[in-house]
Structures are given as structure tokens and as C-alpha cells.
Amino acid sequence: MKIRLLLSLFTLFPLLFGAAATATPLVITTNPILDDFLRQVAPPDTIRAHCLLAPGADPHANEPRPADLRLIAAADLIIQNGLNLEPALARLIRNSGTRAKILAATDGITPILDHHRAPDPHAWQDPQNAIRYIENIRDALIQLLPRQAAVITQRATDYIHQLRDLDQQTREKLSAIPPQNRVLVTTHDSLAYLARAYDLRVLPITGRGGCSHTEPNARQVAALIKTIREQKIPAIFIETTANPKLTRLIARETKTTLAPPLHTDTLPKNSTFLETYRQNIQTIATALGTTTP
Ligand SMILES: [Zn+2]
């Protein structure tokens with residue numbers, strides 16, 4: 001009897017403890033950009049990655065679903081942007097009681113403050129900041145998967161090289177825009193980090209920084225129209241995650257070209273950060289690259 005009990009324990013032991021030791025950790029992200037960064041750094045088949053935001057959706061306005069809570073509870077690591085990009089999800093994660101390690105990918109980045117002195121969350125728009133995101137994700141992954149440390153470090157280093165190339169290519173491309181055209185009129189204030197890095201100026205139509213859905217009043221719209229006319233700004237930009245209605249009206253009113261939409265706050269389906277960023281830079285360079293007669 002005793003032997004049989006012992007044997008059954010022995011057969012159960014590896015099942016119970018071996019399974020826990022080899023279970024693939026679940027890593028949750030709150031934005032497709034973070035999901036891409038995670039997949040670039042994590043060695044294949046070492047984690048299960050799940051993104052709580054569908055491709056193309058607006059991170060500021062995302063309302064969590066009940067299924068999200070189950071994933072948050074089961075997660076080993078949760079990577080969010082921080083700086084109030086995803087207020088509803090961040091609140092849900094904070095109150096969930098999850099035992100997962102929670103990483104803000106913007107840790108260590110000095111944010112640009114908007115006119116309410118609130119941090120602008122779109123820090124990845126400067127590739128130098130994106131490098132910081134990768135370093136933070138690398139360090140959190142090494143804690144989670146210490147045996148993979150060497151591979152994780154190598155993958156992070158390789159990707160950081162690609163981000164440095166992206167920075168260099170962006171600088172070259174945007175330096176060709178003539179001085180009087182170096183203005184980004186966008187639907188919401190998503191490109192302050194890009195503008196600071198590459199010597200452009202942002203004139204957002206709605207809101208600034210965190211308060212992305214503040215509609216401008218009539219006086220503010222009139223002032224913006226005046227600036228676009230006076231400075232002969234050749235093109236203005238809509239964004240895939242923001243309502244384009246007012247931007248279209250202003251383009252019509254000022255007879256300004258409406259550039260193809262920028263992917264500022266997320267990634268389109270099946271796209272990487274590098275592809276999407278290059279596409280945005282090409283759109284900006286093409287739209288602003290010519291002088292208005
Ligand atoms: Zn935004």
C-alpha cells in the first residue's frame with residue numbers, strides 16, 4: 001500500500017511540477033507597437049504573446065472586455081506604454097490583483113509635457129525613445145527567461161541597430177523638407193516627439209497630448225486656418241485612429257492637400273513598427289517636400 005502510494009506520488013510529481021516549470025510564460029501587451037517590439041526581442045517559441053488592442057484601434061479610447069481580465073489574471077508579464085496612453089486598460093491592470101510583473105515600456109524616458117503639463121504618451125515616435133522601450137522589454141524578458149538571456153540580449157542589440165538606421169534614414173529624408181514647410185498639422189497631438197527629433201513643428205487640430213479628444217472651439221479653428229493660409233502650409237494630415245471630419249473641413253476651407261492617413265497611435269494589421277514608421281515618414285516627406293508657389 002505504502003509503496004503504491006509512493007509510486008503514484010512519483011508518477012504525479014513530474015506532471016505537477018514539471019508542467020509548471022516548462023509552461024510557456026504568457027506576456028500581455030496593450031498596443032500592437034509593443035506587441036511587435038516584444039516579438040522582435042523574445043526568442044521564437046519562448047513566450048505566448050497576446051495584445052489587448054486590435055490592430056488599427058485607438059489606444060486612448062480602448063474599452064477593456066471581460067476576456068481581457070482573464071488574460072491579465074493569467075499573465076506572467078504585462079507590458080504597457082504608460083504615460084497615460086491607455087487609461088482604461090492601465091486602471092484594469094492596476095485593480096486586477098494580477099501577480100504578473102507590470103512594465104511601463106516608457107520607464108526612464110523624460111516625457112514631453114503638453115500645455116496642461118500632462119505627459120505626452122506617444123514617446124515611440126522618436127526612434128531614440130523606441131530604443132529605450134527595447135532595453136526595458138529586454139530587461140523584463142531576461143528576468144522572466146533567465147536561461148535565454150544571451151539570445152534575448154543579442155536580438156535586442158540587433159533590433160536597436162535597426163532603430164538607429166531608422167533614425168538616420170528619417171533624419172536624411174526629413175531634412176529635405178524646406179524650412180517654411182516644416183509644420184505638421186495633424187488631427188491630434190501625436191507627433192511631438194518626432195517633431196522634436198527632426199526639427200519640425202506640430203499644429204494639432206484636436207486636443208494635445210493625453211486629452212486627444214478635446215474639440216477646438218471656433219476661435220481656435222479660425223486661428224489654425226489663418227496660420228495654414230499665411231504660412232502656405234502645403235499639406236495637412238489625418239490619422240487612422242482619429243476622426244478626420246474637422247481635418248477634412250479645414251483642408252477644403254484652406255484648399256490644402258489632405259495627405260494619406262498617418263498611422264500614429266498603432267500599427268495596421270500584419271505590419272511591423274519599422275514598416276509603418278517608414279511609411280509615415282515617406283508620407284510626410286512627400287506631402288511637405290515641395291514649396292507652394
Ligand atoms: Zn494618440
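This report walks through the helices, strands and a few single residues of a predicted model.

**Overall picture**

The chain has ten helices and eight strands. Out of its 293 residues, 41% count as buried. If you look at contacts with a separation of 6 or more, 64% of them come from residues 24 or more positions apart.

**The four-stranded sheet**

Let's begin with the open sheet, which is built from four strands in the order β2-β1-β3-β4, with parallel pairing. The edges are taken by β2 (48-51) and β4 (101-104); each has a single partner strand, so one side of each is left without a neighbour in the sheet. On average, neighbouring strands here are turned by 20° against each other, ignoring direction.

Inside that sheet, β1 (residues 26-29) runs parallel to β3 (residues 77-80), and three bridges join the two. To find one of these spots in the viewer, pick Ile 28: its bridge partner in β3 is Ile 78. Helix α2 (residues 32-41) packs on the sheet and touches β1, β2 and β3. The direction of α2 makes about 165° with that of β2.

In general, two packed helices are described by the angle between their axes and the distance between the axes. Here are the values for two pairs.

| Helix pair | Angle | Axis distance |
|---|---|---|
| α5 (residues 127-144) and α6 | about 175° | 9 Å |
| α6 (residues 149-175) and α10 (residues 273-288) | about 5° | 10 Å |

With an angle of about 175°, α5 is roughly antiparallel to α6. On the α5 side, the contact includes Ile 131, Ile 134, Arg 138 and Leu 141, and on the α6 side it includes Ile 152, Ala 156, Tyr 159 and Leu 163. The residues of this contact divide into 13 nonpolar, three polar and three charged.

The other pair has an angle of about 5°, which makes α6 roughly parallel to α10. From α6 you get Gln 162, Leu 166, Thr 170, Lys 173 and Leu 174, and they meet Leu 274, Tyr 277, Ile 281, Ile 284 and Ala 285 of α10. That contact splits into seven nonpolar, two polar and one charged residue. Leu 166 and Thr 170 of α6 turn up in the contact with α10, and they are also listed in the contact with α5.

**Buried strands and their crossovers**

How much of strand β5 (residues 183-188) is buried? Six of its six residues are, so β5 is largely enclosed by the rest of the structure. β5 pairs in the parallel sense with β6 (residues 201-206) over five bridges, and Val 185 has Leu 203 as its bridge partner in β6.

Four bridges join β7 to the parallel strand β8, and Ala 235 stands opposite Thr 257 of β8. Together with α9, these two strands make a right-handed β-α-β unit.

**A few residues worth a click**

Most residues other than glycine have a negative phi. Asp 199 isn't a glycine, yet its phi is positive, at about 60°. Asp 199 sits in the loop between α7 and β6 and is exposed, with 12 other C-beta atoms within 10 Å. Lys 255, not a glycine either, has a positive phi of about 55°. The loop between α9 (245-254) and β8 (257-262) holds Lys 255, which counts as exposed with 8 C-beta neighbours inside 10 Å.

Last up is Val 221, found in helix α8 (residues 218-230). Is Val 221 buried, exposed or partly exposed? With 16 other C-beta atoms within 10 Å, Val 221 is partly exposed. Leaving out residues up to four places away in sequence, Val 221 touches Pro 216 and Ile 250. Ile 250 lies 29 residues from Val 221 along the chain, and their C-alpha atoms are separated by 8.1 Å.

Methods:
Residues numbered from 1 in each chain as written. Predicted model: local features only at pLDDT ≥ 70, side-chain atom pairs only at ≥ 80, totals over all residues. Pairing = 2+ DSSP bridges. Axes fitted to C-alpha atoms, helices over the stretch in contact; angles between N-to-C directions. Contact = placed C-beta atoms within 7 Å. Buried ≥ 20, exposed ≤ 12 C-beta atoms within 10 Å, placed from the backbone. Parallel < 35°, antiparallel > 145°, perpendicular 65-115°, else oblique. Nonpolar A, V, L, I, M, F, W, Y, C, P; charged D, E, K, R; others polar. Right-handed = clockwise from strand over helix to strand, strands pointing away.
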